[in-house]
Amino acid sequence: MTYLQKECGEPSLLNSLQQGGYILYTRHGEANIGTDQPYLDFNNCNTQRNLSDNGRMQATLYGNIIRNLHIPIEYPILASPFCRTIETAALAFGGMNVQVDPIGFDIFKLDTNLNPLEQQRILNNLQSELELLPSMGKNKVMVAHSFPKDVGLGTIPYMGTVVVKPLGKGNGYQIVARLSLEQLQYLWSMCS
């Protein structure tokens, strides 16, 4: 399935997303303010990299695109415990609709020097989460981090989305599409 069709009326990824049944794994908006401290505190954003003004605009735009494309979302939105992911989810979908998901911190740790057993544990937990079907007629949104190249869902640009089709507990999942924010904007301009 491709992310764009010449005419939005034909069967497309957009039509499928409007029916529900997918996970939108989304990387947070541009974060270039501050640094992640070695002993970061999730309750203190000063110990973390945070969203730039551009990142905040990206997050707001993302939420507007999803709403305007009539893609039904399951609440709460799952977000990694970092300030940048929580803020991204809140700007896109409203602060009351966000729930912290600890697996996001594990995904973040994949970019560090982990032993192979710990890396596999994290990837197994991720697979278990990506196998779970969202509520009927809805799509689940996870706001978290990019992955190292060729690990997990791979590298993801700021506000990029990996569209995942869960196949049910114990049955794995399929990556259906990879969409940048610019591709989502284009889809919105063509199909709304």
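A: A crossing of two helices is left-handed if the near helix is turned anticlockwise from the far one by less than a right angle, and right-handed if clockwise. Helices here are DSSP runs (H or I, at least four residues), numbered from the N terminus. The structure is a predicted model, in which local features need pLDDT of at least 70, side-chain atom pairs count only at pLDDT 80 or more, and totals for chains, interfaces and linings use all residues. Residues are numbered from 1 along each chain as its sequence is written, and side-chain values use heavy atoms, with hydrogens and water left out.

Q: At what angle do α2 and α3 pack, and how far apart are their axes?
A: Two packed helices are described by the angle between their axes and the distance between the axes. Helix α2 spans residues 53-68 and helix α3 residues 83-93; their angle is about 45° and their axes lie 7 Å apart.

Q: Is the crossing of α2 and α3 left-handed or right-handed?
A: α2 passes α3 in a right-handed crossing.

Q: Which residues of α2 and α3 meet?
A: Contact means heavy atoms within 4.5 Å. From α2, Arg56, Ala59, Thr60, Tyr62, Gly63, Ile66 and Arg67 take part, and from α3, Glu87, Thr88, Leu91, Ala92 and Phe93.

Q: How do α2 and α6 cross?
A: The axes of α2 and α6 (residues 181-191) come within 10 Å, crossing at roughly 35°. This crossing of α2 and α6 is left-handed. Gln58, Leu61, Tyr62, Ile65 and Asn68 of α2 are in contact with Leu181, Leu184, Gln185 and Trp188 of α6.

How values were computed
Axes fitted to C-alpha atoms, helices over the stretch in contact; angles between N-to-C directions. Helix = DSSP H or I, 4+ residues; strand = E, 2+ residues; numbered from the N terminus.
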